[in-house]
Amino acid sequence: MPHKIIQRAAARHLPKLIAELKRKEQSPFMRTMQSETGASVMLEDQRVLMFGSNNYLGLAADSRVLHAANRGIHEFGSATTGSRLLNGSVRLHVDIEERIAQWYGAPAALAFTSGYTANVGTISALMSRRDTVVVDAYAHASIIDGVRLSGARLLWFDHNSVDSLRTVLAEAKEGSGDVLVIVDGLYSMEGSLSPLADIVDLCKQNGAAIMVDEAHSLGIYGENRRGWAEECGVLDDVDVLMGSLSKGLGSTGGFIVGPEELMVALRGSARSFIFSTSATPSSVAAANEAIRITMSDEGKVLAANVQESSRTLAALLGERGVKVESNTNGQWSPILPVLIGSEARTIATWNEILRGGAYVGVAMHPAVPRDRALLRVCVSAAHSPDDLAKVADVIRNALDATADL
Ligand code: PMP
């Protein structure tokens with residue numbers, strides 16, 4: 001028998017549910033992909049339309065990105081076998097940091113092995129027990145984990161509510177230390193966009209620092225595809241900007257960009273940077289090539305394509321009576337959430353969609369609040385108009401098939 005600490009952890013709601021659904025062969029989780037991810041994917045033995053990936057620009061299977069990864073691996077090997085601080089910094093890491101800094105017109109950047117480790121390492125390096133971190137109620141788990149590791153006081157404000165942030169900042173300022181506000185640009189599950197200009201103003205008025213997680217907004221918003229802060233015209237007012245290379249940029253990794261003093265602080269105290277092996281040569285080389293494409297005029301076209309496809313799919317779903325829930329104030333979002341509410345119907349609908357020939361994401365607690373289980377439909381520049389029409393029909397039919405649940 002496994003030790004009781006193992007049995008206890010396996011008996012929790014989500015682990016138990018994942019195991020049960022697997023047994024019943026109805027699981028939306030950890031299905032095995034048998035091919036690269038593009039407009040479609042081989043899911044086990046079925047080719048399905050892929051509407052559940054973060055491959056917004058369609059770069060994850062781009063031949064130039066794949067060639068760059070190949071060159072990286074041939075020149076620098078399969079792994080660096082060391083942390084960035086010691087033997088794990090190869091020329092590719094330096095190149096990508098220079099490219100990111102140039103992209104942002106910023107003094108410096110620092111590459112991490114993932115967006116998750118960038119958030120956890122950065123937040124825990126900057127904040128300490130005396131400080132307060134104020135986060136949006138829907139902020140990503142890596143932000144929360146970073147705050148917990150830092151030991152700082154954690155205060156929440158209501159999702160995207162500037163009024164709620166104002167109230168919480170008044171409370172935060174009563175503490176003895178400094179205050180950092182952290183928001184996502186584009187919220188990964190609900191597809192909503194942060195009211196960033198107002199949030200930045202409020203931070204300034206209150207002397208609080210602001211950090212923005214651009215994991216999902218990178219590559220698709222802003223004149224130069226640098227994310228939501230650029231689109232909102234507040235890039236220069238953001239104190240700490242974090243990006244992920246694992247979504248629109250078709251690789252794996254994360255980064256922080258900003259002043260040199262920030263990188264000085266992180267190189268010497270971000271534990272995820274110091275105590276973990278650096279990103280593999282293939283992933284860094286792939287990401288560097290993806291950034292080059294994203295920065296170019298071609299990137300502009302790709303971003304415009306995702307935008308157009310997202311607006312088209314939202315309209316097609318609307319015509320079929322499928323409500324898309326995102327809170328975007330008229331802006332577009334590549335993430336179209338179809339709110340179902342109950343976990344049971346969400347899972348049943350997901351299975352119907354798969355039977356219909358498409359894969360979409362599923363979001364359940366703790367990724368979203370308990371009563372807000374949803375299907376996360378994600379658009380990519382790789383999708384054709386036919387793909388969009390087909391998935392809209394598949395989703396409509398699946399909702400009809402599960403209407404009684
Ligand atoms: N921030 C947000 C908002 C995310 O959605 C994610 C990934 N789900 C991350 C950070 C972590 O990035 P990565 O996948 O590169 O670790």
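**A mixed sheet and its helices**

Helices (H or I, at least four residues) and strands (E, at least two) are DSSP runs, numbered from the N terminus.

Please note that this is a predicted model, in which local features need pLDDT of at least 70 and side-chain atom pairs count only at pLDDT 80 or more, while totals for chains, interfaces and linings use all residues. Residues are numbered from 1 along each chain as its sequence is written, and side-chain values use heavy atoms, with hydrogens and water left out.

I turn to the sheet. Its 5 strands form an open, mixed arrangement in the order S1-S2-S11-S12-S10, where pairing requires at least two DSSP bridges between two strands. Strand S1 (40-43) and strand S10 (335-341) are the edges, each pairing on one side only. S10 runs antiparallel to strand S12 (residues 373-378), to which 6 bridges join it; Val338 has Leu375 in S12 as its bridge partner.

Finally, helix H15 (residues 385-401). Which residues of H15 are buried? They are Asp387, Leu388, Val391, Ala392, Val394, Ile395, Ala398 and Leu399, buried meaning under 20% relative accessible area, exposed over 50%, and partly exposed in between (1.4 Å probe, protein chains only). On the other side of H15, Pro385, Asp386 and Ala401 are exposed. The buried residues of H15 pack against S2, H13, S10, H14, S11 and S12.

Terms used. Contact = heavy atoms within 4.5 Å.
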